[in-house]
Amino acid sequence: MNISAEQWLTLLLLAETGSVSEVASRLHRGQPAISERLHKISEEVGEPLYIREGGSIRLTDAGQALLPDIRQLRDKISDIERQVSRRQSLQSGDLRIASTSLIANHLLPAYLQKFQSNHPDINLHIKSGVAYWQDIQLSAMDILFFEGDMDIPNLPAYYEKLPWCADEIIAIVPHDHPLAIHAEVPIQDFQVYPIIWREPSSGVRKIMEGVFKARDIQPQRYVEVADVESVGAMVQAGLGVGFITRTVFEKRLDWGLHGIRIATPSPVWRSYIAVPKSLQRSRVLSTFMDILGIDKNAHSRTLHD
């Protein structure tokens, strides 16, 4: 049977109005077109669904038997149309984010606050920390935030990687540390002190390890921790020198630490996103990307310009 939803709804409208001309008027079609549509429905069913009585039309028993299901069809279509309308107006929907912990904890909150303020009916789902990425289906995520040359295994082919922002990496020490008298020091001055490293997958750590290696410097002692908060705690305790982005430092002035610029060339931390290509993005994601200020044709924007 080859009867469309539009044809079934035409039959329902005929039952409710009893007039082909009224059906044609409501559907903005000519009467001959509506008559032909109704005739084809009866042909497909294989028996008359309506009969003419005087100046009006009534449905046969076969036609009447179909009405409850057609009304349910109309209700379902109305539900779908309302849902689509709500999604188009961002009155419903979900935004699913996967991110490294540094980005999730220190860069994203301000953007998420603005997004939620503008679109309070959108649900936010945030997976932070690289460990999560091993257990989730990446294609179920709308947007992924990652650092530097971080490898993202099993990224769907229809996703693309775009630059987001860049930030300066600085050293942090307690105010009574020997290096705290300086605002800027060369990288080799750090090699005699223990280093507070993030986990090996950390973007900041990878960059700083590369900087040390390029200058043939090998730090002899280190403490390895799992997140940037722990870096601050270990530095506060006097266990060594830490490296963080300037944004994190300025957000955590409560740590009471001294920031030191690393002499030119100052190392730069870069972040990126992975998102579906433009034609496959949801309206919610496209709106969020506008708030992030992402331009697929531009280089990473630099924080603290």
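User: Which residues have the most contacts inside the largest nonpolar core?
Analyst: Phe145, Trp164, Phe190, Phe243 and Phe288, in a core of 57 residues. A core here is a set of buried Ala, Val, Leu, Ile, Met, Phe, Trp, Tyr and Cys residues joined through side-chain atoms within 4.5 Å. Buried means under 20% relative accessible area, with a 1.4 Å probe and protein chains only. Note that this is a predicted model: local features need pLDDT of at least 70, side-chain atom pairs count only at pLDDT 80 or more, and totals for chains, interfaces and linings use all residues. Residues are numbered from 1 along each chain as its sequence is written, and side-chain values use heavy atoms, leaving out hydrogens and water.

User: Which strand gives the most to this core?
Analyst: Strand β6, residues 159–173, with 8 residues. Strands are DSSP runs of E, at least two residues; helices are runs of H or I, at least four.

User: And what does Phe190 touch?
Analyst: Its contacts (heavy atoms within 4.5 Å) include Ala171, Leu179, Phe212, Phe243 and Ile262, not counting residues up to four places away in sequence.

User: What does the second core include?
Analyst: Ile3, Leu11, Ile57 and Leu67 are among its 19 residues, and this core is separate.

User: Switching topic. Which element gives the largest share of the lining of the largest pocket?
Analyst: Helix α8, with 4 residues. The lining divides into 5 nonpolar, 1 polar and 4 charged residues. Trp197, Arg205 and Tyr222 are among them.

How values were computed: 1 Å grid on protein atoms, 1.4 Å probe; cavity = no way out; pocket = protein on both sides within 12 Å on 5 of 7 lines; lining within 4 Å. Nonpolar A, V, L, I, M, F, W, Y, C, P; charged D, E, K, R; others polar. Buried < 20%, exposed > 50% of the residue type's maximum accessible area, 1.4 Å probe, protein only.
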